[in-house]
Amino acid sequence: LCEFLSSPQAQIRQYALEQFAAISGQDDFPSYLTDSTLKSLKVMALGNNDAAKLAVTCLVNGCKDIKIIHTIASDLSFIKAQATFATSEDDIAADLRTMLLANLAKDDKIEVLVTATTTKKRSYTSSNSLLDQMIECFVQGENKKLNPNSAYDHIILVLCDISRFEAAQDLLMNENVTVPPIVKFFGYITSSNDLRKVGSIALIKNCLFASKHHDMLVKDYNILDILVYPLIGPEEIEDYYTEVMSPYVQRLVGSKAREPDMTVLLTALEAIMLLTATRKIRDYMRFRKIYPFIREVHRSVPKEQEDILLKCEELVNILEADEGPEFSADQEYTE
């Protein structure tokens, strides 16, 4: 089959591709992907048609082998082409392309998408940045509102992986725009779509490794409330604590179920931990009394969740530590 993928006759290529895609789910499939076969599949993946959809399917399934990932990712123009197709409102293989890009993101060459641009005009944004377009596809394209062929759920996996790069963090938390792009992901922490929820909070956590943006996110966009949300459970909290909590958090106390996904809980705790990098924000956390939520998480999760229990203990040790007189962080972060 492999040799027929490069046949000069379209019908033979199509037949070979269909048969090849049919076996692509097999465990040993990556072993069939020689350099010449990958080249043929990549050429056929550059289109908006059924052949491209089958070719991308083969490439996605081939990524079970990390060597295949590195081979495909070495072609930067191919990465950009797949992102360009995926962000088109009529691409029939958009979901598969975002799955492929998510696989390729295991290779650091995916960073090319941070600064990549396209000449393709989009109805949903005036930006020619592929990163901007992927973000808008995620936000505006939910439930197939942009593309009838894609809900753009899997694109969060690509965005999350890209957010590990410092250049991407700076763009996602750009303070020179009306609203930094990272804020667009805040609402998905309450999403009923698990993929969007898990991916969004992971992206936010990745961005918080860039501590230079912490003040802006806490002061202007209440990121602490966003990260505390998954921790809040049905327990009533003592008035001593609730009277100084933010109005948003006060309304939630005792009225919602705690986030059931252990991955989300752990990621939220890890993100809060990253915010403790500066004394000012540690004092602000103390002022807003987030301790009881950490306490209740520690009480409620199964003992098998050792990572969560340890992270709770680490946070409590930090927040309960005596660092001397508190700064007046609350005066700067509240009106």
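Predicted model: local features only at pLDDT ≥ 70, side-chain atom pairs only at ≥ 80, totals over all residues.

Visitor: Which residues are buried in H11?

Guide: Among them are Arg196, Lys197, Gly199 and Ser200, along with Ile201, Ala202, Leu203 and Ile204. You'll also find Lys205, Asn206 and Cys207 on the buried list.

Visitor: And what do the buried residues of H11 pack against?

Guide: They pack against five helices you can look up: H8 (130-140), H9 (155-162), H10 (166-172), H13 (223-228) and H16.

Visitor: What span does H11 reach from its first C-alpha to its last?

Guide: H11 covers residues 194-207 and reaches 20 Å, close to the 20 Å expected at 1.5 Å a residue.

Visitor: What goes on at the start of H11?

Guide: Look at Asn193 there: one of its side-chain oxygens comes to within 3.1 Å of the backbone nitrogen of Leu195.

Visitor: New topic: the largest nonpolar core. Which residues touch the most other members?

Guide: That core has 109 residues, and those touching the most other members are Leu41, Leu104, Leu113, Leu159, Ile182 and Leu203. Helix H16 (residues 262-275) gives the core its largest share, 10 residues.

Visitor: Let me zoom in on Leu159. Which residues is Leu159 in contact with?

Guide: Setting aside neighbours within four places in sequence, Leu159 is in contact with Leu131, Met134, Ile135, Phe138, Phe185 and Leu203.

Visitor: Now cavities. How many are there of 30 Å³ or more?

Guide: The structure holds 2 of them. The largest cavity has about 70 Å³ of space.

Visitor: What lines the largest cavity?

Guide: The lining includes Leu224, Asp225, Val228, Met245, Ser246 and Arg288. H13 supplies the largest share of that lining, 3 residues.

Visitor: I've clicked on Ser246. Is Ser246 buried or exposed?

Guide: Ser246 has 7% relative accessibility, so it counts as buried. In the chain, Ser246 sits in the loop between helix H14 (239-242) and helix H15 (247-252).

Visitor: Which residues does Ser246 touch?

Guide: Not counting residues up to four places away in sequence, Ser246 touches Asp225 and Arg288. The side chains of Ser246 and Asp225 are also joined by a polar contact of 2.9 Å.

Methods
Residues numbered from 1 in each chain as written. Heavy atoms only, no water. Core = buried A, V, L, I, M, F, W, Y, C linked by side-chain atoms within 4.5 Å. Buried < 20%, exposed > 50% of the residue type's maximum accessible area, 1.4 Å probe, protein only. Helix = DSSP H or I, 4+ residues; strand = E, 2+ residues; numbered from the N terminus. Contact = heavy atoms within 4.5 Å. Expected span 1.5 Å × (residues − 1). Polar contact = N/O pair within 3.5 Å; in protein donor to acceptor, adjacent residues only side chain to side chain. 1 Å grid on protein atoms, 1.4 Å probe; cavity = no way out; pocket = protein on both sides within 12 Å on 5 of 7 lines; lining within 4 Å. Points joined across faces, edges and corners; volume = space filled by probe spheres on them.
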